[in-house]
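Reader: Can you walk me through this one? I'd like to start with the strands and then go to the packing.

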Amino acid sequence: MCGIIGILGKGDVSNALLDGLRRLEYRGYDSTGIATLVNSRIERRRAKGKISNLEVLLQKEPLSGSTGIGHTRWATHGRPSENNAHPHATDKVAVVHNGIIENFQELRDELSKQGHVFTTETDTETVAHLLTHLLAQGKTPEQAMAITMSRLQGAFSLAIMFADRSDLMAGARRGSPLAVGYGDGEMFLGSDAMALAPYTNRICYLEEDDWALLTRDGATIYNGDKRVNREVRQTALSGALIGKGNYRHFMMKEIAEQPTVIGDTLQAFVNPLARRIELPKLPVDLARLSRLTIVACGTAYLAGYVAKYWLEKIARLPVEIDVASEFRYRAAPLDADGATLVISQSGETADTLAALRYAKAQGHKILAVLNVPESTIGRESDLVLHTLAGPEIGVASTKAFTTQLVVLAALAIATARARGAIDAKREAELSAALLEVPARAAEVLNHDETLKAIALKVAEARDVLFLGRGASYPIAMEGALKLKEISYIHAEGYAAGEMKHGPIALIDETVPVIVVAPSDDLFEKTASNLQEVRARGGRVIFFSDADGIRRLGAEAMAAVELPKVDPFVAPILYAIPVQLLAYHAAVAKGTDVDQPRNLAKSVTVE
Ligand code: F6R
């Protein structure tokens, strides 16, 4: 979602702003822009579409100036266009903004009556005019910022520069992250530490309702009208721009990295010699927990859905799961003896964060499975279990998902042990099965060519169904989510047994049906559902192991033989072919695989 960068630099900053925007590109955007101060005048360059369009514009019309702000915009209010692209400016103030100003219409009406003329469809422009109005009344930038913070409603982060004040920049955060970077005689603002990594590793994350005034010597941070101190931390993020290596797309690189990052994550949680799970000290007693509430969005939610099957089956722990955007408005009563688990790659998803806060307010301890422990969710959780996937740049989540599954599998085993639901022997067996996953995942990747050939057929379809039972059901949903988000083919993931209650009406020879069915205790049931599809002329693509394929492979239009593993770890492995299928279907359709239309990597609005 929108990315913000701000630099109070030593020399011209427009190239550094562009670099910062490139580092924020992965978040998803549809227009970009920068503004600098040139002889105390605000100058802007903005472009619809990719950063390369802005770059071309800057080559034709370069911008000098050592004070500047930049933005990648993911449209909320107002369609993607050059005019709606940030920075938004008056002759006194320029603003970049991530989030939504909920009361913008009211402010706009009020300011219009005072003679302000609005030229865009955005909510952001209101902030520029409000500040300009306050400055015109003789307020200092500091006073104007304090009043503006009290007037704005919604969730946002802002970076602001003032004409005539090349020594000053302001930042603000409410509900949407913003980091202050400390350089040597330079200061920075950024949506995340990744954007600032080439310039500084000294970062301070603003907290809720904080706003800051930066000069080249440092930052003064306020919360409301009080001055506050916030910790400056060292970040380990590398300044090098993450590349695609020999891959055509980040998504494929990230799919291929899975054996390695799954291995890295396992090392953090499984003792290979003792074949025992070793978790950090938890803020909850797993043995006494009455219920675990899992909340997340999108792919992270589907990882949680797999965990529900694991925790209920092997640990006998009741689990409730919901998408964060629904959970937060359900006013769900939470068990006094329960706890809440949130799952997020970015750690910044607005709905997940709001769900966390809701659960915390009900007295729950918060466990978080996160890929970015320094994120807002990380900072507000009682314990972070870190997925060691490394930065995930492709908008479609792949390696974050499988590493989430690994952490959740370890949590399920530890919970089962704590509750006496499994003995040490079974823990050793399950741990051994987990430790095998990196090698088996590498074997799955060897099916790339087969999956590519199948994907060419899938790419011709208008609708696709994915079916699975038990823990394969969330994998079916994940397959459908991946396919629709990057190839734009309509797909649905269904519980195999539920198909006959509706979606079976869709089956004909034009709708490929992908059946995810490792040979486990539910295999026979799924096999019957497969036959129901066949009996109606449906074309089945079958993902199973050697046993499954021996029994049913002949019924399928195509079958992919995956390694035979303990059914407990099968969801981790079966996630990979659905990713590859979606990837190759998207490439065949020629879509923008890494930055699919309309999508953002880090969803910081509700
Ligand atoms: C799908 C995908 C999204 C995210 C969702 C949550 O491929 O990536 O569905 O899983 O937006 O994001 P995080 O995990 O950052 O909270």
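Author: First a term: two strands count as paired if DSSP finds at least two bridges between them. Also, this is a predicted model.

Reader: Fine. How do β9 and β10 pair, and over how many bridges?

Author: Strand β9 covers residues 179-182 and strand β10 residues 187-190; they pair in the antiparallel sense over four bridges. A179 stands opposite G190 in β10.

Reader: What is the strand order in the sheet they belong to?

Author: The sheet is open and has eight strands, in the order β3-β2-β4-β1-β10-β9-β11-β15, with antiparallel pairing. At the edges are β3 (41-48) and β15 (233-234), each of which pairs on one side only.

Reader: Which strands does helix α1 touch?

Author: Helix α1, residues 14-24, packs on the sheet and touches β1 (3-8), β2 (31-38) and β4 (67-73). The direction of α1 makes about 155° with that of β1. Helix α2 (residues 51-60) lies across β2, β3 and β4, and runs at about 135° to β3.

Reader: β4 keeps turning up. Is it buried or exposed?

Author: Buried. A residue counts as buried under 20% relative accessible area, and seven of the seven residues of β4 qualify, so the strand is largely enclosed by the rest of the structure. T67, I69, H71 and R73 point one way from β4, while G68, G70 and T72 point the other way.

Reader: How many bridges join β4 to β2? And to β1?

Author: Six bridges join β2 to β4, and these two run antiparallel. β1 and β4 also pair in the antiparallel sense, over six bridges. As for individual partners, G33 is bridged to H71 in β4, and G6 to I69.

Reader: Change of topic. Which residues have the most contacts inside the largest nonpolar core?

Author: F466 and F543, in a core of 99 residues. Helix α20 (residues 570-589) gives the largest share of this core, 13 residues.

Reader: Where does the core lie relative to the domains?

Author: Between domain 2 (248-444) and domain 3 (446-606), because both give residues to it.

Reader: What is F543 in contact with, leaving aside its neighbours within four places in sequence?

Author: The contacts of F543 include L451, I514, V515, V516, A517 and P518, and also V560, L562, Y574, P577, V578 and L581. Apart from this core lies another, of 26 residues, among them L107, F118, L130 and L152.

Reader: Back to α20. How many of its residues are buried?

Author: 17 of the 20 residues of α20 are buried, so the helix is largely enclosed by the rest of the structure. From first C-alpha to last, α20 reaches 29 Å, close to the 28 Å expected at 1.5 Å a residue. G590 follows α20 and has a positive phi, near 75°.

Reader: And α9, what span should it have?

Author: Helix α9, residues 298-315, should span 26 Å for its 18 residues at 1.5 Å a residue, and its end C-alpha atoms are 25 Å apart, which agrees. α9 is mostly covered, with 14 of its 18 residues buried. The residue after α9 is R316, whose phi is positive, near 55°.

Reader: Last one: where is A442 found, and how does its accessibility class it?

Author: A442 is in helix α15 (residues 437-445). Its relative accessibility is 33%, so A442 counts as partly exposed.

Notes
Residues are numbered from 1 along each chain as its sequence is written. This is a predicted model: local features need pLDDT of at least 70, side-chain atom pairs count only at pLDDT 80 or more; totals for chains, interfaces and linings use all residues. Side-chain values use heavy atoms; hydrogens and water are left out. Contact means heavy atoms within 4.5 Å. Axes are lines fitted to C-alpha atoms, for helices over the stretch in contact, and angles run from 0 to 180 degrees between N-to-C directions. A nonpolar core is a set of buried Ala, Val, Leu, Ile, Met, Phe, Trp, Tyr and Cys residues joined through side-chain atoms within 4.5 Å. Buried means under 20% relative accessible area, exposed over 50%, partly exposed in between (1.4 Å probe, protein chains only). Domain bounds come from an automatic or database domain assignment. The expected span of a helix is 1.5 Å times one less than its number of residues.
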